[in-house]
Amino acid sequence: MQDRHVISVLVENKPGVLARVSGMFSGRGFNIHSLAVAPTTDPQYSRMTVVTAGNEQIIEQIIKQLRKLINVVKVQDLTSGDYVDREMVLVRVKASAVERPQVLSTADIFRAKVVDVANDSITVEVTGTQNKIDAILRLLAPIGIMELIRTGTVAIPRGKKDLKHKGAS
Amino acid sequence: MKINGAQILFRSLKEEGVDTIFGYPGGAVLDIFDAMVRHFSGDFRFVLVRHEQAAVHAADGYARATGRPGICLVTSGPGGTNTVTGLATAYMDSIPVIVFTGQVPTPLIGNDAFQEADIVGITRPCTKHNYLVSRVDDLATTIKEAFIIATTGRPGPVLVDLPKDVAQAKAVFEYPHTLKLPSYKTTVKPHMPSIKRAAELITTAERPVIYAGGGVISSAAYKELRTFAEMTGFPVAMTLMGLGCFPGTHPLSLGMLGMHGTYRANMAVANSDLLFAVGARFDDRVTGKLEEFATNAKIIHVDIDPTSIQKTIAVDIPIVADARDVLVKLIEVLKNKGYSAKSGKRLKDWHALLTRWRSEQRLRFDRSTETIKPQFVVEKLYEITSGKAIISTEVGQNQMWAAQYYLFDRPRTLLTSGGLGTMGYGFPAAIGAQIAFPDRLVIDIAGDGSIQMNIQELATVAQYQLPVKIAILNNGFLGMVRQWQERFYDNIYAHTDITASPDFVKLAEAYGAVGLRARNTAEVEPTIKKALQIKGPVIMDFIVEREEGVYPMVPSGSSIKEMILV
């Protein structure tokens with residue numbers, strides 16, 4: 001069973017840490033579907049959200065190998081609990097005057113924002129779960145997607161289960 | 001008072017109790033070498049090797065023989081890249097080695113400067129951790145961290161990259177004696193409920209086997225392992241890395257298990273109902289075909305590294321902790337349960353079976369030949385040295401015969417590249433051990449292929465008059481690969497014939513060492529005896545049976561029950 005897992009990794013914000021994490025994945029043959037990283041409110045630490053897939057044994061090994069990295073402070077498999085995940089997409093859709101209403105109404109249904117309009121295109125910003133994003137992209141595809149940028153998933157546990165480490169927030 | 005980075009390095013090493021450094025100078029480390037000679041001449045023994053790879057292997061051999069971290073100092077660029085094989089070797093076998101590399105000055109980093117290499121990037125996957133020190137103020141703390149990380153938990157190599165301007169810049173020296181590393185978790189206390197569950201299985205097992213690896217040596221748990229084995233009556237099979245952690249001559253020793261393990265060790269594991277794995281990692285050379293490995297056994301797995309547990313094989317009771325802590329607790333729990341050697345009486349049938357396997361299929365070779373059998377050389381080395389030498393090996397047949405025929409009674413007496421299988425490891429490792437123990441006998445059991453991978457170190461042993469003895473089992477082949485070609489590739493010996501090798505006797509002499517040769521069985525013993533009487537370095541060139549194979553052998557990917565016996 002290749003289940004999708006969202007793993008949140010709190011790391012020290014030091015040079016080379018991203019390379020250590022991504023190198024561990026590639027060196028051991030684990031997949032990375034997406035990886036998003038940015039500093040936490042405490043700039044000494046960064047948080048990575050890694051989306052990966054694998055059977056139970058592989059996911060266990062990924063988590064252990066992450067914990068073994070010296071600069072990794074905390075690892076949590078969010079998929080094992082209740083969590084919120086979001087991804088943002090910027091998508092430029094081919095839209096002349098004729099197609100424009102169709103694009104706008106689709107964007108509206110998905111509560112997407114129009115961030116740029118040109119003579120022959122509209123750029124839309126969509127935020128949501130992977131399912132929602134996949135759905136809107138399916139609808140926009142026949143109109144003509146010219147360019148597409150995805151951030152990769154970021155995720156946070158619901159309620160009080162925070163990812164804090166002493167000194168980090 | 002401010003001192004420069006180079007001096008901070010040596011002051012820090014002194015704080016860590018370092019007195020020996022293996023290395024090779026170069027442009028980026030001129031300031032460091034200058035400081036060593038100018039300010040610390042009486043403090044360190046510097047061993048100048050002839051290739052940086054050998055410096056790391058020597059530091060590694062020093063670490064394996066002593067249990068203390070081995071220290072290495074080399075220059076930037078090629079100096080650093082030459083350490084990669086040494087680092088990977090130490091990493092696979094969990095050996096504490098700290099390598100300091102020079103680096104081009106920080107303003108030049110990234111410019112493809114002369115002798116620049118991104119050594120931190122290159123060695124990231126083959127070190128436990130590594131550092132680029134970009135400010136002299138961070139140097140002392142970084143060195144402290146490097147020592148902590150290299151020597152605690154599951155040990156391993158650490159590399160510290162020192163740009164030339166950092167070595168030149170000045171700072172006040174203050175060595176941190178304690179350091180908190182927020183993200184580095186070391187030893188955890190053994191989980192008592194798991195220990196109690198393990199004790200339950202131990203008291204009821206009918207066909208138990210202890211499977212002991214290098215972790216027993218790293219954690220210095222040999223006494224506890226022996227106590228545990230003797231009180232339970234459990235037989236002990238060792239991995240290549242574990243040899244010596246339990247006396248090889250002990251009645252409970254099954255010898256080595258795995259691909260070239262003994263018949264009785266593999267049969268015992270295959271038929272066991274309880275496998276107590278300690279400080280071992282279920283490596284493919286041990287398990288053979290995973291689906292058929294110890295299928296009827298409950299498995300208790302003790303390891304300090306959580307990633308070793310459930311990596312290849314599902315276990316019933318995982319215990320993440322230091323091997324010694326676990327054995328101490330386990331012995332205590334068993335004693336409290338009133339368990340004693342007598343309780344082991346239920347194992348009578350099991351012991352009888354083990355004895356039967358032992359007598360059915362002993363390690364053996366043809367003793368009637370005039371041509372030297374390589375096994376005979378190792379056996380003679382064992383007899384003549386009374387098993388008391390420190391043995392290093394190269395990799396291949398020489399390594400397996402050393403593991404089979406030299407019975408290691410003490411820990412830290414076998415230095416061998418188990419995980420990475422690095423040809424060229426044994427000779428420099430022997431140098432490291434000999435530097436640590438000038439009065440002990442250190443012998444490198446080598447092949448004619450492997451020895452040539454670091455043969456330049458003859459200059460090092462000659463320079464320091466290190467009495468390292470090298471026994472070359474010379475068959476004119478890359479023997480282990482040839483053996484596989486014989487067995488599995490229709491006898492097509494693709495590029496494994498290396499009869500075009502130098503005259504090792506003359507070669508030894510060229511370097512200022514002594515060379516001896518034995519051409520037939522009768523000459524083996526006199527050659528060894530003569531070599532051992534010589535104070536300096538000696539090469540013994542044993543011209544052995546060309547196509548002798550290492551047996552038993554479990555073909556790669558087969559169950560360990562399926563041994564080829566001869």
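This is a predicted model: local features need pLDDT of at least 70, side-chain atom pairs count only at pLDDT 80 or more; totals for chains, interfaces and linings use all residues.

1. Four strands form an open sheet in chain A, in the order β2-β3-β1-β4, and their pairing is antiparallel. The edge positions belong to β2 (34-39) and β4 of chain A; each has a single partner strand, so one side of each is left without a neighbour in the sheet. On average, neighbouring strands are turned by 15 degrees against each other, with direction ignored.

2. The β1-β3 pairing. Strand β1 (residues 3-12) of chain A runs antiparallel to strand β3 (residues 45-54) of chain A, and 10 bridges join the two. Within β3(A), the residue opposite Asp3(A) is Gly54(A).

3. Helices on the sheet. α1(A) packs on the sheet and touches β1, β2 and β3 of chain A. The direction of α1(A) makes about 150 degrees with that of β1(A). α2(A) lies across β1, β3 and β4 of chain A, and runs at about 160 degrees to β4(A).

4. The contact between the chains. How many residues does each chain bring to the contact? Chain A gives 17 residues and chain B gives 13 residues. On the side of chain A that touches chain B, α1 (17-27), α2 (56-68) and β4 (72-77) of chain A each supply at least two residues. The most comes from α2(A), with six residues. By class, this side of chain A has four nonpolar, eight polar and five charged residues.

5. A helix pair in chain B. Helix α3 (residues 52-66) of chain B packs with helix α18 (residues 426-436) of chain B at an angle of about 50 degrees, and their axes are 6 Å apart. That angle makes α3(B) oblique to α18(B). The crossing of α3(B) past α18(B) is right-handed.

6. Residues of that helix contact. On the side of α3(B), the contact includes Ala54(B), His57(B), Ala58(B), Asp60(B) and Tyr62(B). On the side of α18(B), Pro428(B), Ala429(B), Ile431(B), Gly432(B) and Ile435(B) are among them. What classes do the residues of the contact of α3(B) with α18(B) divide into? There are 12 nonpolar, four polar and one charged.

Notes:
Residues are numbered from 1 along each chain as its sequence is written. Chains are lettered from A and ligands numbered from 1 in the order in which they are written. Two residues are in contact if their C-beta atoms, placed from the backbone, lie within 7 Å. Ala, Val, Leu, Ile, Met, Phe, Trp, Tyr, Cys and Pro count as nonpolar, Asp, Glu, Lys and Arg as charged, and the others, Gly among them, as polar. Two strands pair if DSSP finds at least two bridges between them. Axes are lines fitted to C-alpha atoms, for helices over the stretch in contact, and angles run from 0 to 180 degrees between N-to-C directions. Angles under 35 degrees count as roughly parallel, over 145 as roughly antiparallel, 65 to 115 as roughly perpendicular and the rest as oblique. A crossing is left-handed if the near helix is turned anticlockwise from the far one by less than a right angle, and right-handed if clockwise.
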